[in-house]
Amino acid sequence: MHAEGEESGPLAHGDDLLEIHLQDVNGRTWTNEDSTGKPLLVNFWATWCPPCIEEVALFNDALAAHSDSGLTIVGISVDRQGWDAVRPFIEEHEPSYLVLVADESVTRGFGQVNRLPTTYFVHPDGTIHKKWVGSPRKILLDREIGSLLGESDGTD
């Protein structure tokens, strides 16, 4: 049985994160090797998804709150219109984290991303800590990031 927000899929707790090689809005290639040794959130989203839009502020706040932890957040858009849809979104919503656009290799590799938003919490060693489907409330996001960072939430 899965906790609220969890869903089974091809990547599960303890699995290695699949390789990602995508370009950012400036044409620079980002790979998950760029976050080696750092905690990572990989968020799949779309510009037309209301919960995904709400997450921008949550992720901006989380990144600011955990700036000294090395936390990296990467938002990967699955918009079919690619950068034509994503560039205006970035300008309007101002995510403070890296935004990329999925290509076929990423959508095929993460094949079970069929509900948005979907976020993978990844340990600094590159293994999956948790897969979260849907937009978590702030308190749940903070708890999951704390767990990823090895922080106690006081409930143990």
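This is a working chat about a predicted model of one protein.

User: What are we looking at, and how many helices and strands are there in the protein?
Analyst: The model is a predicted one. The protein has four helices and seven strands. Along the sequence they come in the pattern β-β-β-α-β-α-β-α-β-β-α.

User: How much of it counts as buried?
Analyst: 46% of the 156 residues. As for the contacts with a separation of 6 or more, 71% of them are between residues 24 or more positions apart.

User: What is the strand order in the open sheet?
Analyst: The open sheet has five strands in the order β5-β4-β3-β6-β7, and the pairing is mixed. β5 (98-101) and β7 (128-133) are the edge strands, each pairing on one side only. On average, neighbouring strands of this sheet are turned by 20° against each other, direction ignored.

User: Take β3. In which sense do β3 and β4 run?
Analyst: Parallel, with six bridges joining them. Together with α1, the strands β3 and β4 make a right-handed β-α-β unit.

User: And in which sense do β3 and β6 run?
Analyst: Antiparallel, joined by five bridges. Here L40 stands opposite V122 in β6.

User: How many of the residues of β3 are buried?
Analyst: Six of its six residues, so the strand is mostly covered.

User: Which residues sit on which side of β3?
Analyst: L40, V42 and F44 are on one side, with L41, N43 and W45 on the other. In a regular strand, side chains alternate between the two faces of the sheet. Both faces of β3 are covered.

User: Which strands does α2 lie across?
Analyst: Helix α2 (residues 83-93) lies across β3, β4 (72-77) and β5, and runs at about 165° to β5. Helix α4 (residues 138-148) also packs on the sheet, where it touches β3, β6 and β7. The direction of α4 makes about 165° with that of β7.

User: Which residues of α4 are buried?
Analyst: L140, L141, E144, I145, G146 and L148. These buried residues pack against β3, α1, β6 and β7. After the helix comes G150, with a positive phi near 80°.

User: What about β6 and β7, in which sense do they pair?
Analyst: They pair in the antiparallel sense, over five bridges. Within that pairing, F121 stands opposite K130 in β7.

User: Switching to aromatics. How many aromatic pairs does the count come to?
Analyst: Five. One of these is F44 with Y120: the ring centres are 6.3 Å apart and the planes are at 80°, so the pair is edge-to-face. An angle over 60 degrees is what counts as edge-to-face.

User: Where do F44 and Y120 lie in the chain?
Analyst: F44 lies in strand β3 and Y120 in strand β6 (residues 118-122), so the pair ties together parts that are 76 residues apart in sequence.

User: Are those two buried or exposed?
Analyst: F44 and Y120 are both buried. With F110, they form one aromatic cluster.

User: OK, T47 next. Where does T47 lie?
Analyst: In the loop between β3 (40-45) and α1 (50-65).

User: Which side chain is joined to that of T47 by a polar contact?
Analyst: That of D79, at 2.7 Å. Apart from neighbours within four places in sequence, T47 is in contact with I53, D79, A85, V86 and F89.

User: Last one, G14. Where is its place?
Analyst: In the segment before β1 (21-23). G14 is partly exposed, and its relative accessible area is 44%.

User: What does G14 touch?
Analyst: T127 and I128, if residues up to four places away in sequence are not counted. The C-alpha atoms of G14 and V122 are separated by 9.2 Å, with the two residues 108 apart along the chain. V122 is the β6 residue that stands opposite L40.

Methods. Residues are numbered from 1 along each chain as its sequence is written. This is a predicted model: local features need pLDDT of at least 70, side-chain atom pairs count only at pLDDT 80 or more; totals for chains, interfaces and linings use all residues. Side-chain values use heavy atoms; hydrogens and water are left out. Helices (H or I, at least four residues) and strands (E, at least two) are DSSP runs, numbered from the N terminus. A polar contact is a pair of N or O atoms within 3.5 Å; within protein, one must be able to donate a hydrogen and the other to accept it, and residues adjacent in sequence count only if both atoms are side-chain atoms. Contact means heavy atoms within 4.5 Å. Rings of Phe, Tyr and Trp (its six-membered ring) pair if their centres lie within 6.5 Å; planes under 30 degrees apart count as stacked, over 60 as edge-to-face and the rest as tilted. Buried means under 20% relative accessible area, exposed over 50%, partly exposed in between (1.4 Å probe, protein chains only). Two strands pair if DSSP finds at least two bridges between them. Axes are lines fitted to C-alpha atoms, for helices over the stretch in contact, and angles run from 0 to 180 degrees between N-to-C directions. A crossover is right-handed if, with the strands pointing away from the viewer, the path from the first strand over the helix to the second runs clockwise.
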